[in-house]
Amino acid sequence: MSQPSSRPDPTSIRPVRPLTERVGGLLFFPVTAFAPDGSLDLDVFRTHVRDGIEAGAGAVFACCGTGEFHALAPEEFRDCVAVAAEEADGRVPVLAGVGYGTALAAEFAALAEEAGADGLLAMPPYLVVPDQEGLLRHYTALAEATSLDLVVYQRDNAVFTPGTVVELARHPGIVGLKDGYGDSGLMQRVITAVRRAGLERDFLYFNGLPTAELTGLSYRSLGVLLYSSAVFCFAPEIALAFHKALDSGDDATVHALLDGFYVPLVELRDQGKGYAVSLVKAGVRLRGLEVGEVRPPLAEPAPAHVKELAALIERGLELAGAAR
């Protein structure tokens, strides 16, 4: 199915090392900061990104799900990605979220490239439920429209068969799969199929489930070590302690943080619609950075739930301190 690439020559804008060699460590998905009147606050966003990089983020994924991509105008998206790229300054790669249908996704990809992004996270297409051929056509066309490398996000209406992932991996511009679907059997079959095709060396896998730390042990058993951490946005100390323990096989610390912080956090997150974003943003505010509220159609978490979150953060910080 795959054909020779007609993508633009990226040699003048890409770093010497390919993106697959640069993405590592804990993946930071910053929230997008808004002023009290709801407008974009780039100064606060810059601080948020800088703080995350200085705390030890391995990569910055700007304007993705946690960053409310769905609520950003194109020019706001471009400005946020530019700020993230400026703050990273080559220290860590910056990937930008793109989505909607093929034409709009390509337009956002062009804006991200203009703003200095190193790669793209391609979110599921808007609303429709395509078949495998349609998904392959969509992501291939998007990859052909940009010189930036593409990580495909599997979730909701974009769930792939192993054969489709093999075809995606054959494309030189598609370098990874972020799994937000959570079927470990399917992931094993995908990994096996890509390996049998001889494509695994340059293809990345990410655990992209909400509060990915909860499934970190099971994904580690599949060999999937990269994951996105929403907790890193508001408590990098906790996120890094967990990541270090998971990476080193310190299961006692992993279990302590799961039992005392992550599982209660997920139980709290599940009490409200949109809490995977709004609760994270509330956490950032609790730690002292005024990133504003979420934009419609999301709504703020209930005050009682924010109070519970504050207590959970304190408990998590205590556990993370004990793990050092």
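Predicted model: local features only at pLDDT ≥ 70, side-chain atom pairs only at ≥ 80, totals over all residues.
1. Start with helices H5 (residues 132-144) and H6 (residues 162-170). They pack at an angle of about 15 degrees, and their axes lie 10 Å apart. H5 and H6 are therefore roughly parallel to each other, since angles under 35 degrees count as such. Their crossing is right-handed.

2. Next, look at who touches whom. H5 contributes Gln-132, Leu-136 and Tyr-139, while H6 contributes Thr-164, Glu-167 and Leu-168. By type, the contact between H5 and H6 has three nonpolar residues, two polar and one charged.

3. Glu-167 also takes part in a salt bridge. Its side chain meets that of Arg-170 at 3.5 Å, N to O. Glu-167 counts as buried because its relative accessibility is 17%, under the 20% cut-off. Arg-170, at 41%, counts as partly exposed.

4. Across the whole structure, the search finds 15 salt bridges. One of them joins Glu-68 and Lys-281 at 2.7 Å, N to O. This pair links distant parts of the chain, 213 residues apart. Glu-68 sits in the loop between strand S2 (59-62) and helix H3 (74-88), and Lys-281 in helix H12 (residues 275-286). Both Glu-68 and Lys-281 are buried.

5. Now take Asp-156 and Arg-155. Their side chains form a salt bridge at 2.8 Å, N to O. Asp-156 counts as exposed, with 56% relative accessibility. Arg-155 is partly exposed, with a relative accessible area of 29%.

How values were computed. Residues numbered from 1 in each chain as written. Heavy atoms only, no water. Axes fitted to C-alpha atoms, helices over the stretch in contact; angles between N-to-C directions. Helix = DSSP H or I, 4+ residues; strand = E, 2+ residues; numbered from the N terminus. Parallel < 35°, antiparallel > 145°, perpendicular 65-115°, else oblique. Left-handed = near helix turned anticlockwise from the far one by under 90°. Contact = heavy atoms within 4.5 Å. Nonpolar A, V, L, I, M, F, W, Y, C, P; charged D, E, K, R; others polar. Salt bridge = Lys/Arg side-chain N within 4 Å of Asp/Glu carboxyl O. Buried < 20%, exposed > 50% of the residue type's maximum accessible area, 1.4 Å probe, protein only.
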